[in-house]
Amino acid sequence: MGRSRRTLPEELLLLALDPATGTTAQPQSLDLGLAGAQLVELALAGRIAPDGDRIAVVAPRPTGDPTLDCALELLRRRGAPVRAVHWIGGPRLGLRQTYLAHLERCGMVAAVAGQMCGVLPTTRYQATDTAISREIRSRLDSAIRTGVPPDPRTAALAALAHAVGLGKHLYPGNEGRSSRSRLRDLIRHDPMGGLVAHAVMDVQNGAGAQPRRNPVGPGAGPGSGVGPGVGSGLGSGVGPGGRPVQEPARGVPMQPRRGSMARAAVH
């Protein structure tokens with residue numbers, strides 16, 4: 001996969017990056033969205049495909065993008081197709097920070113060191129080329145304004161932006177209400193993006209561990225409420241009371257608890 005085209009995770013992160021503060025909007029849900037964006041990108045590259053409410057690897061050859069290839073390899077190692085909400089709902093592996101560092105290496109953002117409350121070290125990220133962010137935003141604006149069905153990549157980006165709650169960041173206040181509504185409606189223009197977006201929202205709503213009663217086929221639209229996603233490669237087990245729990249795959253590190261005060265993470 002050449003570097004002439006930005007990937008969906010990169011575009012989603014640039015959309016979420018606030019140019020004034022250097023922080024990202026919706027930091028908690030953004031990791032879920034980035035995991036889903038990886039999946040859509042892999043699907044666009046022909047490496048994976050939906051199999052009901054599961055994700056199946058159809059072509060395991062590398063894409064050339066190290067972060068995407070890591071996700072693809074984790075999916076391949078599972079052998080059998082993986083339930084989308086289990087994949088997205090697993091412990092995040094710092095995807096937001098991984099992609100911020102990637103964008104910094106590519107020269108698209110610059111890290112700015114600072115302090116919180118004059119004590120805790122922080123890192124902010126400023127876009128080095130605002131024209132890129134404007135181009136990404138203009139694609140969404142055009143799709144919303146004209147009503148013309150967007151290309152699959154833009155439709156998937158819109159679906160993911162809505163799923164992680166970026167609508168109120170991109171189109172704030174009462175004046176942005178109609179734009180937020182149309183952003184949500186763009187989900188229907190890309191089945192894969194819609195499936196992923198619904199999976200992200202299911203995880204946020206606590207449905208990640210609940211099995212689907214009626215799995216849908218590959219041609220299902222976004223109204224099905226299921227979708228594929230990329231995460232840490234989780235298995236599921238049974239916890240106290242018979243409730244299903246998720247377990248990290250072997251070799252996948254767990255993130256440290258957020259309560260640590262050693263360093264204030266970018267948000």
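Colleague: Is threonine 23 buried or exposed?

Modeller: Threonine 23 is buried, because its relative accessible area is 10% and the cut-off for buried is under 20%. Please keep in mind that this is a predicted model.

Colleague: Where does threonine 23 lie?

Modeller: Threonine 23 belongs to the loop between H1 and H2. Its side chain is joined to that of threonine 21 by a polar contact of 2.8 Å.

Colleague: And histidine 102, buried or exposed?

Modeller: Histidine 102 counts as buried, because its relative accessibility is 11%, and a residue must be under 20% to be called buried. Histidine 102 is placed in helix H5.

Colleague: Which side chain does histidine 102 join through a polar contact?

Modeller: The side chain of histidine 102 is joined to that of glutamate 10, and the polar contact is 2.8 Å.

Colleague: What does serine 133 contact, leaving aside neighbours within four places in sequence?

Modeller: Serine 133 is in contact with Leu14 and Ala127 once those neighbours are left aside.

Colleague: Now the whole chain. How many helices and strands are there?

Modeller: The protein chain has ten helices and seven strands. Of its 267 residues, 47% are buried. The accessible surface comes to about 12,600 Å², and carbon and sulfur atoms account for 53% of that area.

Colleague: What share of the contacts joins residues 24 or more positions apart?

Modeller: Among contacts with a separation of 6 or more, 70% are between residues 24 or more positions apart.

Colleague: Which residues touch the most other members of the largest nonpolar core?

Modeller: They are Leu12, Leu140 and Leu166, in a core of 61 residues. Several helices each supply at least two residues of this core, among them helix H1 (8-16), helix H5 (95-105) and helix H6 (130-146). H2 gives the most, with eight residues.

Colleague: What does leucine 140 touch?

Modeller: Not counting residues up to four places away in sequence, leucine 140 touches Leu15, Thr154, Leu157, Ala158, Leu170, Tyr171 and Leu183.

Colleague: Turning to strands, in what order do the three strands of the open sheet come?

Modeller: The order is S1-S2-S3, and the pairing is antiparallel. Strand S1 (48-51) and strand S3 (82-83) are the edge strands, each pairing on one side only.

Colleague: What holds strands together in general?

Modeller: Strands of a sheet pair through backbone hydrogen bonds, in either a parallel or an antiparallel arrangement.

Colleague: How many bridges link S1 and S2?

Modeller: S1 pairs with strand S2 (residues 54-57) over four bridges. Alanine 49 stands opposite alanine 56 of S2, and proline 50 has isoleucine 55 as its bridge partner. The hairpin of S1 and S2 has two residues between the strands, and glycine 52 there takes a positive phi near 65 degrees.

Colleague: And how many bridges link S2 and S3?

Modeller: S2 and S3 pair over two bridges, and isoleucine 55 stands opposite valine 82 in S3.

Colleague: Lastly, confidence. What is the mean pLDDT of the protein chain?

Modeller: The mean pLDDT is 77, and 73% of the residues reach 70 or more. Over residues 209-267, however, the pLDDT is below 50, and this stretch has 139 contacts in the model beyond near neighbours in sequence. Where pLDDT is low, the predicted coordinates should not be read in detail.

How values were computed: Residues are numbered from 1 along each chain as its sequence is written. This is a predicted model: local features need pLDDT of at least 70, side-chain atom pairs count only at pLDDT 80 or more; totals for chains, interfaces and linings use all residues. Side-chain values use heavy atoms; hydrogens and water are left out. Buried means under 20% relative accessible area, exposed over 50%, partly exposed in between (1.4 Å probe, protein chains only). Contact means heavy atoms within 4.5 Å. Accessible areas come from the Shrake-Rupley method with a 1.4 Å probe; for residues, only the protein chains shown count as cover. A nonpolar core is a set of buried Ala, Val, Leu, Ile, Met, Phe, Trp, Tyr and Cys residues joined through side-chain atoms within 4.5 Å. Two strands pair if DSSP finds at least two bridges between them. pLDDT is the predictor's confidence in each residue, from 0 to 100. A polar contact is a pair of N or O atoms within 3.5 Å; within protein, one must be able to donate a hydrogen and the other to accept it, and residues adjacent in sequence count only if both atoms are side-chain atoms.
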